[in-house]
Amino acid sequence: MASIFSRIIQGELPCEKIDETDNEICFLDISPFTEGHTLVIPKREVARFEELPETEALSLMQTMQRVAKAVCKAYGGSDYNIQLNNGPDAGQEVPHVHFHIIPRPDGLRVPKLGKYADGQMAEVGARIRACLDS
Ligand code: 5GP
């Protein structure tokens, strides 16, 4: 079954559209964290970021920068977060990859895990580098 975002892309459901390209659509989140919270969505229906073809991932980044500039300008140069919830354990509710642009005039900080133990940072770095595609 098509995701709710695919139904919006196909025009079956309404949205407050901000921008549209051949590959992406951007519209306001219906339940915003802050005013101006905007979603940037590839038209291709894939659940996860790494499933997007590389050219479409690049296109998505270009559109995100364009829309982020507009969101920032519209809110007086507000700082903002760009967030991707990639998979249900990361908080993803709609299984169609999408980035959130969230204006952040509030200055609040998300708590961090803390510091790495001695030697742990090198282990973590090696673990991730070993998984890079050449
Ligand atoms: P996720 O948790 O999957 O990263 O975020 C999904 C987002 O989509 C949520 O912030 C939610 O408010 C938004 N959303 C869900 N359904 C709709 C909808 O029908 N229209 C719009 N504009 N946003 C939606």
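Is Glu51 buried, partly exposed or exposed? The model shown here is predicted. In this model, Glu51 has a relative accessibility of 42%. Buried would need under 20% and exposed over 50%, so Glu51 counts as partly exposed.

Glu51 sits in the loop between β3 (38–42) and α2. Its side chain reaches back along that part of the chain. A polar atom of the Glu51 side chain lies 3.2 Å from the backbone nitrogen of Ala47. Val97 is 46 residues away in sequence, and the C-alpha atoms of Glu51 and Val97 are 9.1 Å apart.

Now step back to the whole chain. It holds three helices and five strands. Their order along the sequence is α-β-β-β-α-β-β-α. The C-alpha trace spans about 50 × 35 × 25 Å along its principal axes. Of the 134 residues, 32% are buried. Take the contacts between residues at least 6 apart in sequence: 52% of them join residues at least 24 apart.

The surface comes next. The chain exposes about 9500 Å². Carbon and sulfur atoms supply 53% of that area. As for charge, there are 14 positive and 20 negative side chains. The centres of these two sets lie 5 Å apart.

Turn to the interior. In soluble globular proteins, nonpolar side chains tend to be buried together. Here the largest nonpolar core has 13 residues. Val40, Leu52, Leu60, Met64, Val67, Phe99 and Ile101 have the most contacts inside it. Helix α2 (54–74) and strand β5 (99–103) each supply at least two residues of this core. The largest share comes from α2, with six residues. There is also a second, separate core of seven residues. Ile8, Leu39, Ile41 and Val94 are among them.

Ile101 then contacts Val40, Met64 and Val67, among others. Its partners also include Ala68 and Val71. Further contacts include Gly36, His37 and Thr38, as well as Tyr80, Asn81 and Ile82.

The side chain of Asp19 has a partner in Arg66, through a polar contact of 2.7 Å. Beyond four places in sequence, Asp19 touches Ile25, Cys26, Arg66 and Val67. Val67 also belongs to the largest nonpolar core.

Move on to Thr21, in the loop between β1 and β2 (24–28). Pro88 is 67 residues from Thr21 along the chain, and their C-alpha atoms are separated by 27 Å.

Methods. Residues are numbered from 1 along each chain as its sequence is written. This is a predicted model: local features need pLDDT of at least 70, side-chain atom pairs count only at pLDDT 80 or more; totals for chains, interfaces and linings use all residues. Side-chain values use heavy atoms; hydrogens and water are left out. Helices (H or I, at least four residues) and strands (E, at least two) are DSSP runs, numbered from the N terminus. Buried means under 20% relative accessible area, exposed over 50%, partly exposed in between (1.4 Å probe, protein chains only). Contact means heavy atoms within 4.5 Å. Accessible areas come from the Shrake-Rupley method with a 1.4 Å probe; for residues, only the protein chains shown count as cover. Lys and Arg count as positive and Asp and Glu as negative; His and the chain ends are not counted. The place of a charge is taken as NZ of Lys, CZ of Arg, CG of Asp or CD of Glu. A polar contact is a pair of N or O atoms within 3.5 Å; within protein, one must be able to donate a hydrogen and the other to accept it, and residues adjacent in sequence count only if both atoms are side-chain atoms. A nonpolar core is a set of buried Ala, Val, Leu, Ile, Met, Phe, Trp, Tyr and Cys residues joined through side-chain atoms within 4.5 Å.
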